[in-house]
Amino acid sequence: MDNIRSLLPRHKHDLENVKRLKEFDLADLKPILPELFTWIQDINWPVAVEIAKILVSCGREIVPELKKVMASSDDDWKFACLGWVIKELPREITKEMETELKRIAFQPNSTERNSDLDDTAKEILKAHAMI
């Protein structure tokens with residue numbers, strides 16, 4: 001679909017466009033995955049949890065974007081990705097994030113530790129039998 005970008009949320013309360021995005025398949029959503037990720041930077045936004053569900057449905061295609069977020073310094077964004085995306089992915093996809101998860105779990109920087117991201121990463125690793 002050429003105009004799928006027109007369905008990206010216009011604001012943090014734009015649940016109507018998010019609802020419409022759910023009707024599309026991965027092939028249609030793939031070009032806007034980076035933009036969708038920006039909408040979960042603050043998981044408290046009304047659109048964020050619903051967009052996280054869309055991202056989870058995209059499976060393996062989101063791994064490169066997840067790796068970018070995990071390498072960033074935005075702990076709120078990491079928190080959203082860990083708790084609402086990575087945690088919900090099947091083990092075979094989560095396994096592709098093992099290096100990043102283990103780094104956060106066992107060698108967190110000070111802000112990751114202060115945000116309890118290390119504990120969340122450990123929970124995910126345990127749940128997926130990676131530790």
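Contact here means heavy atoms within 4.5 Å. Helices (H or I, at least four residues) and strands (E, at least two) are DSSP runs, numbered from the N terminus.

This is a predicted model, in which local features need pLDDT of at least 70, side-chain atom pairs count only at pLDDT 80 or more, and totals for chains, interfaces and linings use all residues. Residues are numbered from 1 along each chain as its sequence is written, and side-chain values use heavy atoms, with hydrogens and water left out.

## The chain as a whole

The chain holds ten helices and zero strands. Its pattern along the sequence is α-α-α-α-α-α-α-α-α-α. The C-alpha trace spans about 45 × 30 × 20 Å along its principal axes. The radius of gyration, taken over C-alpha atoms, is compared with a globule rule of 2.2 Å times the number of residues to the power 0.38. For 131 residues a compact globule would come near 14 Å, and the chain, at 15 Å, agrees with that.

Buried means under 20% relative accessible area, exposed over 50%, and partly exposed in between (1.4 Å probe, protein chains only). By that cut-off, 45% of the 131 residues are buried. Of the contacts with a separation of 6 or more, 60% join residues 24 or more positions apart.

Accessible areas come from the Shrake-Rupley method with a 1.4 Å probe; for residues, only the protein chains shown count as cover. The accessible surface of the chain is about 6900 Å². Carbon and sulfur atoms contribute 50% of that surface.

For charges, Lys and Arg count as positive and Asp and Glu as negative, while His and the chain ends are not counted. Each charge is placed at NZ of Lys, CZ of Arg, CG of Asp or CD of Glu. The chain has 20 positive and 24 negative charges, and their mean positions are 3 Å apart.

## Helix α5

Helix α5 covers residues 63–71. Its buried residues are V63, E65, L66, V69 and M70. They cover an arc of only 160° around the axis, which puts them on the same side of α5. The arc is that of the directions from the helix axis to the C-beta atoms. An α-helix has 3.6 residues a turn, so residues three or four places apart point the same way. K68 and A71 are exposed on the other side of α5. The cover over the buried residues of α5 includes α3 (33–38), α6, α7 and α8.

## Helix α10 and its ends

Helix α10 takes in residues 117–127, with L117, D118, T120, A121, I124 and L125 buried. Seen down the axis, these buried residues fall within an arc of 165°, so they line one face of α10. K126 and A127 are exposed on the other side. Among the elements that cover the buried residues of α10 are α6 (75–85), α7 (91–94), α8 (98–106) and α9 (110–114).

A121 belongs to this helix. Its relative accessibility is 0%, so A121 counts as buried. Beyond residues up to four places away in sequence, A121 touches L101, I104 and A105. A121 and E100 stand 21 residues apart in sequence, and their C-alpha atoms are 8.9 Å apart.

After the helix come H128 and A129. D116 is not a glycine, yet its phi is positive, near 60°. A129 is not a glycine either, and its phi is positive at about 55°. H128 has contacts beyond four places in sequence with I86, K87, L89, P90, R91 and T94.

The table sets out accessibility for these and other single residues.

| Residue | Relative accessibility | Class |
|---|---|---|
| A121 | 0% | buried |
| I4 | 3% | buried |
| H128 | 9% | buried |
| D116 | 43% | partly exposed |
| A129 | 55% | exposed |

## The segment before α1

I4 lies in the segment before α1 (15–21). Leaving aside neighbours within four places in sequence, I4 is in contact with L21, F24, D28, L29 and I32. I4 and T111 are 107 residues apart in sequence and 36 Å apart in space, C-alpha to C-alpha.
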